Amino acid sequence: MTLLELAGVTVRFGERAVVDSVDLRVAEHETVCVLGPSGSGKSTLLRVVAGLQPVSAGRVLLGGADQERVPVHRRGVGLMFQDHQLFPHRDVAGNVAFGLRMRGSARAAAYGDRVAELLELVGLPGAQRRSVSSLSGGEQQRVALARALAPSPRLLMLDEPLGQLDRGLRERLVVELRELFSRLGTTVLAVTHDQGEAFALADRVVVMRDGRIAQAGTPLEVWQRPASEFVARFLGFENVVPATVSGGAADTAWGKVPVPAGAPEGERRLLVRPAGVVLVGDGLPCEVLSRTFRGTHVALRLRPESGPELEAECGLDGAPAVGERVAVSFTPSEVVVLPPP
């Protein structure tokens, strides 16, 4: 069942459309992450759903009901901001209970039980009387999440939820969030600029560019088959060149590159993932410009004899040194034929 539907949603600031004719559906119990660079319209989209930003055109429907005339506090959505926006003059319990009091979703006598339940849920049991200023960044994030979940919103929205945390804590919390949302059956719409965070959290990923949806699909679909050069480069892939595809191969500045069976032919763009640039005894000559240890592999930056620089990966043992001459070939399964720009 569809819980949230955006139909032709457009937001204009003067002549500029920051959100441009967006159609999107979010199913009940689904987690959708909206990705995109700064200025792509992703946070504006979240504000539209919350009722904080009026639309210039289009409709927002929750549970099939048009939200045009529904005020923010009646929409039944929870919103968690990047900067937490906790109340410094309230303790943890006061912050978590604030949403309950505003919505009138529990009797006063039941606030304590609900707060205790939520703090247990987010991994902060017994923290009711702690001051906000005594909390670490990760703990503040958990309190903000508990407050957003307190009134049991039918839709939870997260705006760069882990953006201010260090990478180690982000990676741990994103796993906990996914498990929590799955256990609660929560419907989630989140925005982030971090593709790793989105791919770990989401059932479906939406990539935005200039106010429009550039691609939507499961994390695996978007990763394996980016729909355009923009999406590929946003995901961090740099090995993209113009190509002429014909007969199972592509003519490129790197020479002939094999492509997967059934790949579309003609003038295209070609993406080769770093894992598909393989060190061989005889192939395209390259010079090693840099090498970076990545834990499970070594990332190489190569200057080919012809064509733009290449990113490659190799095992930890026997990685070539900077300045060394190597040769590479290309693995068809790691090649993606993209449409022309």
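Two strands pair if DSSP finds at least two bridges between them. Helices (H or I, at least four residues) and strands (E, at least two) are DSSP runs, numbered from the N terminus. The model shown is predicted: local features need pLDDT of at least 70, side-chain atom pairs count only at pLDDT 80 or more, and totals for chains, interfaces and linings use all residues. Residues are numbered from 1 along each chain as its sequence is written, and side-chain values use heavy atoms, with hydrogens and water left out.

View A. Strand β12 (residues 249-252) and strand β11 (residues 240-246) run antiparallel and are joined by three bridges. Opposite Thr244 stands Asp251 of β12. On to strand β13 (residues 255-258), β12 pairs in the antiparallel sense over four bridges.

**View B. An open sheet is formed by five strands.** The strand order is β15-β19-β16-β17-β18, with antiparallel pairing. At the edges are β15 (277-280) and β18 (310-314), each of which pairs on one side only. From one strand to the next, the twist averages 50° (axes are lines fitted to C-alpha atoms, for helices over the stretch in contact, and angles run from 0 to 180 degrees between N-to-C directions). Four bridges link β15 to strand β19 (residues 325-330) in the antiparallel sense, and Leu279 has Val328 in β19 as its bridge partner. Strands of a sheet pair through backbone hydrogen bonds, either parallel or antiparallel.

**View C. Helix α4 is mostly covered.** Of its 13 residues, 11 are buried (under 20% relative accessible area; exposed is over 50%, partly exposed in between, with a 1.4 Å probe and protein chains only). Among the buried residues of α4 are Gly138, Val143 and Leu149.

**View D. Thr31 lies in strand β3 (residues 31-35).** Thr31 is buried, with a relative accessible area of 5%. Not counting residues up to four places away in sequence, Thr31 touches Phe181, Val188, Leu201, Ala202, Asp203 and Arg204 (contact means heavy atoms within 4.5 Å).
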